[in-house]
Amino acid sequence: MIARLFPHPGLSAMLAIVWVLLANTISPGTIVMACAVGVLVPLFTSPYWSGKPRLKWSWAMVDYVLVVIWDIFVANFHVAWLILFRRNRDLRSCWLVIPLDVRQPEAITVLAGTISLTPGTVSSDVSTDGRMLLVHALDVENREEEVARIKSRYEARLMRIFA
C-alpha cells in the first residue's frame, strides 16, 4: 500500500521540500499543498518511469558529491582567470568525444549534468546508442588527458554508485 502511494519516496520528499522553499513560508496551507504535490506528482507520473535506477547507497555517493563540489569551486577560479587574463585567440576550446562505459540512462544524465555544472565545460549531446558523450570545453591543453580525467573523476565513481 505504501509503495503504491509513494512510488518514488525520494522524489516525493524533494518535491514537498522544494514546494515549501518556493512558498517561502511555513503555514498549514503550504504544508498541505507540499504534501499533495509530493504525493500526486510521483503517483501520476510513475507509469511513465521505465523503472527505478539501482543505486548503491554508500560512501561513493558522498565521495562523488564532494568531488563535484570541489571541481566546481576550482573551475570557477580557473574560468575567471581565463576570462580576465587570457586573450580569446589564446583559448584552446575544443569538442571532446567521451566514450561511455556506463549504460544506465540515469547515470549518463548525472554525468552530463555534472559536466555542464562545472564551469568551462558543457555537455552537448549523447549518441543515440548511449555510448558517446559530446562535450565542449573552454580551454583544453590535451584532449586525451581531459577525456581520461572526466572518465576517472566522474564516470568511474558513477559506475560504483549505479551498480
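Which residue in β3 is the bridge partner of Asp125? The partner is Leu134. The legends below describe close-up views of a predicted model.

**View 1. Ser12 is a buried residue of helix α2.** The helix spans residues 9-23. Ser12 counts as buried because its relative accessible area is 6%, which is under the 20% cut-off. The side chain of Ser12 reaches the backbone oxygen of Gly38, at a distance of 2.7 Å. Gly38 is also listed among the contacts of Ser12 once neighbours within four places in sequence are left aside, and the others are Phe6 and Pro42.

**View 2. Thr45 is a partly exposed residue of helix α3.** Helix α3 runs over residues 28-45. Thr45 is classed as partly exposed because its relative accessible area of 28% falls between the cut-offs of 20% and 50%. The side chain of Thr45 reaches the backbone oxygen of Val41 at 2.8 Å. Thr45 and Phe77 are 32 residues apart along the chain, and 40 Å separates their C-alpha atoms.

**View 3. The largest pocket holds about 400 Å³ of space.** Its lining consists of 21 residues. Those nearest the centre of the largest pocket are Ala75, His78, Asp139, Glu146 and Arg149. Helices α4 (59-85) and α6 (143-161) each supply at least two residues of this lining. The largest share, six residues, comes from α4. Sorted by class, the lining of the largest pocket has nine nonpolar, five polar and seven charged residues.

**View 4. The second largest pocket holds about 290 Å³ of space.** Ten residues line the second largest pocket, and His8, Gly10, Leu11, Pro53 and Leu55 are the closest to its centre. By class, seven residues of this lining are nonpolar, two are polar and one is charged.

**View 5. The structure holds one cavity of 30 Å³ or more.** The volume of the largest cavity is about 40 Å³. The residues that line the largest cavity are Ile115, Thr118, Thr121, Glu146, Arg149, Ile150 and Tyr154. Helix α6 provides the largest share of this lining, with four residues. The lining of the largest cavity divides by class into three nonpolar, two polar and two charged residues. Glu146 and Arg149 line the largest cavity, and both also belong to the residues that lie nearest the centre of the largest pocket.

Key:
Residues are numbered from 1 along each chain as its sequence is written. This is a predicted model: local features need pLDDT of at least 70, side-chain atom pairs count only at pLDDT 80 or more; totals for chains, interfaces and linings use all residues. Side-chain values use heavy atoms; hydrogens and water are left out. Buried means under 20% relative accessible area, exposed over 50%, partly exposed in between (1.4 Å probe, protein chains only). A polar contact is a pair of N or O atoms within 3.5 Å; within protein, one must be able to donate a hydrogen and the other to accept it, and residues adjacent in sequence count only if both atoms are side-chain atoms. Contact means heavy atoms within 4.5 Å. Two strands pair if DSSP finds at least two bridges between them. On a 1 Å grid over the protein atoms alone, a cavity is a set of points where a 1.4 Å probe fits but cannot get out, and a pocket is an open set with protein on both sides within 12 Å along at least five of seven lines; lining residues have an atom within 4 Å of a point. Grid points are joined across faces, edges and corners, and a volume is the space filled by probe spheres set on the points. Ala, Val, Leu, Ile, Met, Phe, Trp, Tyr, Cys and Pro count as nonpolar, Asp, Glu, Lys and Arg as charged, and the others, Gly among them, as polar.
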